[in-house]
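Dear colleague,

Please find the structure below, together with the sequence.

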Amino acid sequence: MTHFGRGSPPSDHARDPYTTLRTLARQCACHLLADGRHWLITEPSSVTALVHHEALSLPAHNVFVDQSQTYLEQVVPWLRRFMSTTHVNVLQAMTARLMDQRLDQLARVDETDLIFDFAGWVPTALMCRLLGLEEADLPIVQRLVNAIQGHYDLSSSLGTADVPGAEAFLRQLVARRIKAPSNEEAAPLLEGLLELWRRYPSLTIESLVDTCTKLLTAGTATVTGALGNLLDDLFQGQESPNPEDLMAAVATPLDQIRTCETVVRLHTPVLVLKRDVHLAFNWDGHRFETGQRLLLVVPTVVAGPRRLLHALAKDTASQADEPNETASIRKNLAFGYGDHYCLGAPLARLQISQVLQRAPRLLAKWRRDGETIWRPAWLLHEPLHLPLISTETPSCN
Ligand code: HEM
């Protein structure tokens, strides 16, 4: 099934989406897909302008269900504070503990699929811990989130019957957990939310369940993709990076922010931001009709792929010319921009920088054992499998 019509990407699109999107961008800045419903917008200044156009809104499944004033003024800012400042030490310690625990487990085996065993495991385990979900539920959560992530793609809008079931299952899991007694150390995110819900009686239990479920899915699927793309970059055979360069890239907190922005910009798992047309309007000689959906291509995707270390060297050199650090980060768009700027960006950066800090250990123990298998997707760019074999086994000598 061809979604893109003329200029349709080839079957290895998911492996190298950038080349194809560049080709589409050259053909036309606004490309109506073959289904007559989706527009692919590739021109960066249009993308930046359309992200906040008043005739457009985010698809319902991308936003929290509760849009009440109390929710927007109390809950959303609280969540942003939780991720960035309030709990930074707790989150750092928790992430480090989980990653080290996982690497210790992997140290005892000779082969691994680093996506399922690490890139997917770490963010899922972290979010389960923050929300107080049982460790025994972790594998099923990881599989369900992976299925839901696929739903973001065009190829699944034709209907993957199991996804609504997956969402319902996660909601039930969360609802059960909310009823169980807990303490802050066990589940700091859930306990903080419960406290807010006690303070503001107008907030409903459905909205609490929705909040936790959205955090569970948004907070794990995207980080899994970002870590997977980073690990694929690190394990590029002969060109494996020097561990010392990687450590230098995350030496100070500012280096960490810059490096993580570079990682997400280069290897973003989410290639487009989606916007629904709720009021028809004209744009750049085209008419966007009510009910159509715009796929706004993240500008750096069109710019083309690069290896991390090459990009870091270039970015460090150009940063001297960049007077406004925040502006440069926002231009990235891999975390969105403005009102809907990614709420979990600090948590994602934390996990990326901690993986980079552990890269020497990963690179010392493992080498590639086959090609990366990419998600067969149009709008997502992320590995599903990265097979590695231990360098310490006799068979490798
Ligand atoms: C590398 C990892 C991540 C990437 C690439 C990413 C990407 C994005 C993007 C592009 C948006 C804007 C969507 C739009 O404007 O249409 C967004 C919003 C959002 N992200 Fe992330 N995200 C990541 C990690 C996380 C994490 C860890 C969490 C939760 C803990 C999270 C929760 C959210 C939420 C709740 C929103 C909606 C914010 C709002 O509408 O107010 N994300 N993310």
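How many helices and strands does the secondary structure of the protein chain come to? The chain has 17 helices and twelve strands, where helices (H or I, at least four residues) and strands (E, at least two) are DSSP runs numbered from the N terminus. Please note that this is a predicted model, in which local features need pLDDT of at least 70, side-chain atom pairs count only at pLDDT 80 or more, and totals for chains, interfaces and linings use all residues. Residues are numbered from 1 along each chain as its sequence is written.

Of the 397 residues in the protein chain, 38% are buried, that is, 20 or more other C-beta atoms, placed from the backbone, lie within 10 Å of their own. The largest nonpolar core has 98 residues; such a core is a set of buried Ala, Val, Leu, Ile, Met, Phe, Trp, Tyr and Cys residues joined through C-beta atoms within 7 Å. Helix α10 (residues 205–234) gives the most to this core, with twelve residues. Ile 41, Leu 131 and Val 297 have the most contacts inside the core. Beyond its neighbours within four places in sequence, Leu 131 is in contact (C-beta atoms, placed from the backbone, within 7 Å) with residues including Val 174, Leu 190 and Leu 216.

Yours sincerely

Technical notes:
Buried ≥ 20, exposed ≤ 12 C-beta atoms within 10 Å, placed from the backbone. Contact = placed C-beta atoms within 7 Å.
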